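Trainee: I have not seen this structure before. Could you take me through a few of its local features?

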Amino acid sequence: TYNPSDSRWTVHYSPLLLVHIMLVLIVGLDRTNGKTIVGRILCSDVFQFFGDISYCFYLFHSDIMNFCDGARKIVLDTSENLKGNLSLLDIFVLLLVTTLLSWLATTYVEIPMNNLIRSKGAKKASKVGNEDEAKVQLIIRQK
């Protein structure tokens, strides 16, 4: 039975609940073509932007927090951890820096490398003589 004060329930069952919520959202968006309120929110430019930079954001966030934690220890000459004592200003600055670095990495590293890899795949397929594969690679590259 469900007991909100029992931490075992949260640890064991909350990931399953999140998977089901995501599945409901995906199926709901697919069937309505994004015309519901939730669909319009999730298809907005802000969510599209954060979806584009999400992988870089995931990769950078812990490194940025660790760097700021180390810098704070040096500057303030304290052994106190940053992760346990964040003010709203600290959180805002960390999110802003992480978002900016994620956007830069996505724009100037991830997207150009994806384009380079796709263009080499199209050239390789055309050299082999497989015209269908070359056409598919060119269509992918144009998207």
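Trainee: Which backbone oxygen lies 2.7 Å from a polar atom of the side chain of T99?

Mentor: That is the backbone oxygen of L95. A polar contact is a pair of N or O atoms within 3.5 Å; within protein, one must be able to donate a hydrogen and the other to accept it, and residues adjacent in sequence count only if both atoms are side-chain atoms. Please note that this is a predicted model: local features need pLDDT of at least 70, side-chain atom pairs count only at pLDDT 80 or more, and totals for chains, interfaces and linings use all residues. Residues are numbered from 1 along each chain as its sequence is written, and side-chain values use heavy atoms, without hydrogens and water.

Trainee: Is T99 buried or exposed?

Mentor: T99 has a relative accessible area of 16%, so it is buried (buried is under 20%, exposed over 50%, partly exposed in between, with a 1.4 Å probe and protein chains only).

Trainee: What is T99 in contact with, leaving aside neighbours within four places in sequence?

Mentor: T99 is in contact with F49, F50, I53 and F57, where contact means heavy atoms within 4.5 Å.

Trainee: Now to the rings. How many aromatic pairs are there?

Mentor: The count is 3. Rings of Phe, Tyr and Trp (its six-membered ring) pair if their centres lie within 6.5 Å; planes under 30 degrees apart are stacked, over 60 edge-to-face and the rest tilted. One of the pairs is Y55 with Y58, which is tilted, at 6.5 Å centre to centre and 35° between the planes. Both Y55 and Y58 are exposed.

Trainee: What about W103 and Y108?

Mentor: They form an edge-to-face pair, 6.2 Å centre to centre with 80° between the planes. W103 is partly exposed because its relative accessibility is 35%, whereas Y108, at 58%, counts as exposed.
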